[in-house]
Amino acid sequence: MNYKFFLFFTMLALSVAIVGCTPKSQMYYWGNYSGNLYNAKKNPCAESLSEHKAGLEAIIDESKTRNLRVPPGVYAELGYIYSMENNTQMAIELFQLEQNTYPESGILMARLIQQAEKRAADGNERGNTPAEISIQNEKEIGDLESEKN
């Protein structure tokens, strides 16, 4: 009886050790997402936004290369950047990819797709992008301050 009891707990302990020590497979590839986002928020300019955009595209490409799912929100964030650049067709495609990959984002993505389609139909794809307008406003404020001095 003691032998069977000892054998049972030894096998149980070995099973737990083997399962607990097995490395988990990676679900997403995040790349340098945090660093790129931090830089884009810390230094809001066209260059840092462009670097963040390139970083998001690299995450998507590398995720496909590694046969991993693209992390949640990456398609949507890249779509938002394209929307700010007035590339609504690419923005809509990315919003649809986010919606298909993560169905729980369906309501938000449907709303963003609807707004992008409305914007394209209204012909608002011309002129300055919101990022360009923001940068221009910052330059104008800087020019006004330099004129005062």
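I take a residue as buried when its relative accessible area is under 20%, and on that cut-off Lys53, at 16% relative accessibility, counts as buried. I note at the outset that I am reading a predicted model.

**Entry: the salt bridges**

I looked up the salt bridges and found that the count comes to 2. In one of them Glu85 pairs with Lys53, and the closest N and O atoms are 2.9 Å apart. I placed Glu85 in the loop between H4 and H5 and Lys53 in helix H3, so this pair ties together parts that are 32 residues apart in sequence.

I then turned to the salt bridge between Glu62 and Arg66, where the closest N and O atoms lie 2.8 Å apart. Here I found Glu62 partly exposed at a relative accessible area of 25%, and Arg66 is likewise partly exposed, with a value of 41%.

**Entry: the nonpolar core**

I next looked up the largest nonpolar core, which has 22 residues, and noted that Leu56, Ile60, Val74 and Leu78 have the most contacts inside it. Helix H3 (46–65), helix H4 (74–84), helix H5 (88–101) and helix H6 (106–121) each supply at least two of its residues, and the largest share, 7 residues, comes from H4. I keep in mind that nonpolar side chains tend to be buried together in soluble globular proteins.

**Entry: the surroundings of Leu56**

Finally I followed Leu56 and, leaving aside its neighbours within four places in sequence, found it in contact with Tyr33, Val74, Glu77, Leu78 and Ile81. Of these partners, Val74 and Leu78 are also among the residues with the most contacts inside the core.

Terms used:
Residues are numbered from 1 along each chain as its sequence is written. This is a predicted model: local features need pLDDT of at least 70, side-chain atom pairs count only at pLDDT 80 or more; totals for chains, interfaces and linings use all residues. Side-chain values use heavy atoms; hydrogens and water are left out. A nonpolar core is a set of buried Ala, Val, Leu, Ile, Met, Phe, Trp, Tyr and Cys residues joined through side-chain atoms within 4.5 Å. Buried means under 20% relative accessible area, exposed over 50%, partly exposed in between (1.4 Å probe, protein chains only). Helices (H or I, at least four residues) and strands (E, at least two) are DSSP runs, numbered from the N terminus. Contact means heavy atoms within 4.5 Å. A salt bridge is a side-chain nitrogen of Lys or Arg within 4 Å of a carboxyl oxygen of Asp or Glu.
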